[in-house]
Amino acid sequence: MKNLKTLILAIVGGFAIGIGGVIYLSLENKMVGAFMFTVGLYTIVAHGLNLFTGKIGYILDNKPSYWIDLFLIWVGNFIGTFLSAQMVLQTRISGIQEVALKICAVKTNDNLLSLFILGIFCGFLMFVAVDGYKRLQNPILLFICVATFILCGFEHCIADMFYFSLANLWNVNTLFIILIITLGNAIGSIFIPVIKFIKD
């Protein structure tokens, strides 16, 4: 029952990121779009939903069984982003698929090392955003960190799941790209926790 709850909260979390993705792709002003994308992460932290990049940073604070939770969250986020993308494609705003295709082209034409490093930067910011919100209950941290990673072109595995789903570009290559970015996000997310662990 616990695993099912974890999965469901992750699916809804992925759905929330999908909505953030729709906002970003719909706005011509990318700075405004980057800030508005944060509605997805804000929804997740405010309502206790599950997001892989918001949970991976706490792996050192949990038992080995936490790995199962992380796997279920990653899968649930995948399902949620895919469902939200397929729903969008059935509506009058499906034209944003063209924007998604351009974004995905940049990722598929990049090299794996670049994607991995950009994933690390994003993971670092995601931990700062989520942990900062938990400690201070200040949503401005979410907006600043999310807008920063988007405007810098850093890679977020769950957001990318939405873009690839909206562009209908799933294949072995794009799945491998997502796995590389996921690894980068994971490593970036534990930078600060590792430093704290060493200090303690």
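# Helix packing and selected residues in a predicted model

Thr182 is buried, with a relative accessible area of 10%, where buried means under 20% relative accessible area, exposed over 50% and partly exposed in between (1.4 Å probe, protein chains only). The structure is a predicted model, in which local features need pLDDT of at least 70 and side-chain atom pairs count only at pLDDT 80 or more, while totals for chains, interfaces and linings use all residues. Residues are numbered from 1 along each chain as its sequence is written, and side-chain values use heavy atoms, with hydrogens and water left out.

**Thr182 and its surroundings**

- Thr182 lies in helix 10, helices being DSSP runs (H or I, at least four residues) that, like strands (E, at least two), are numbered from the N terminus.
- Not counting residues up to four places away in sequence, Thr182 touches Phe52, Trp74 and Cys157, contact being defined as heavy atoms within 4.5 Å.
- The side chain of Thr182 makes a polar contact with the side chain of Trp74 at 3.0 Å; such a contact is a pair of N or O atoms within 3.5 Å, and within protein one must be able to donate a hydrogen and the other to accept it, with residues adjacent in sequence counting only if both atoms are side-chain atoms.
- Thr182 and His156 are 26 residues apart along the chain, and their C-alpha atoms are separated by 7.6 Å.

**Helix 7 with helix 11**

- Helix 7 (residues 112–136) and helix 11 (residues 191–199) pack at an angle of about 70 degrees with their axes 8 Å apart, where axes are lines fitted to C-alpha atoms, for helices over the stretch in contact, and angles run from 0 to 180 degrees between N-to-C directions.
- From helix 7, Ile120, Phe124, Phe127, Val128, Asp131 and Arg135 meet Phe191, Ile192, Pro193 and Lys196 in helix 11.
- By class, this contact of helix 7 with helix 11 has seven nonpolar, no polar and three charged residues, with Ala, Val, Leu, Ile, Met, Phe, Trp, Tyr, Cys and Pro counted as nonpolar, Asp, Glu, Lys and Arg as charged, and the others, Gly among them, as polar.
- Asp131 of helix 7 is buried, with a relative accessible area of 9%, and its side chain makes a polar contact of 2.5 Å with the side chain of Arg135.
- Leaving aside its neighbours within four places in sequence, Asp131 is in contact with Tyr58 and Lys196.

**Helix 6 with helix 9**

- The axes of helix 6 (residues 97–108) and helix 9 (residues 157–167) come within 8 Å and cross at roughly 120 degrees, and the two helices are therefore oblique to each other.
- The contact is made by Gln97, Ala100, Leu101, Ile103, Cys104, Lys107 and Thr108 of helix 6 and by Asp160, Tyr163, Phe164, Leu166 and Ala167 of helix 9.
- Sorted by class, the contact of helix 6 with helix 9 has eight nonpolar, two polar and two charged residues.

**Leu25 in helix 1**

- Leu25 lies in helix 1 (residues 2–26) and is buried, with a relative accessible area of 4%.
- Leaving aside neighbours within four places in sequence, Leu25 is in contact with residues including Ala100, Ile103, Tyr163 and Leu166.

**Positive phi in loops**

- Asn168, in the loop between helix 9 and helix 10 (172–189), has a phi near 55 degrees, a positive value in a residue other than glycine.
- Asn168 is partly exposed, with a relative accessible area of 48%.

Terms used:
Parallel < 35°, antiparallel > 145°, perpendicular 65-115°, else oblique.
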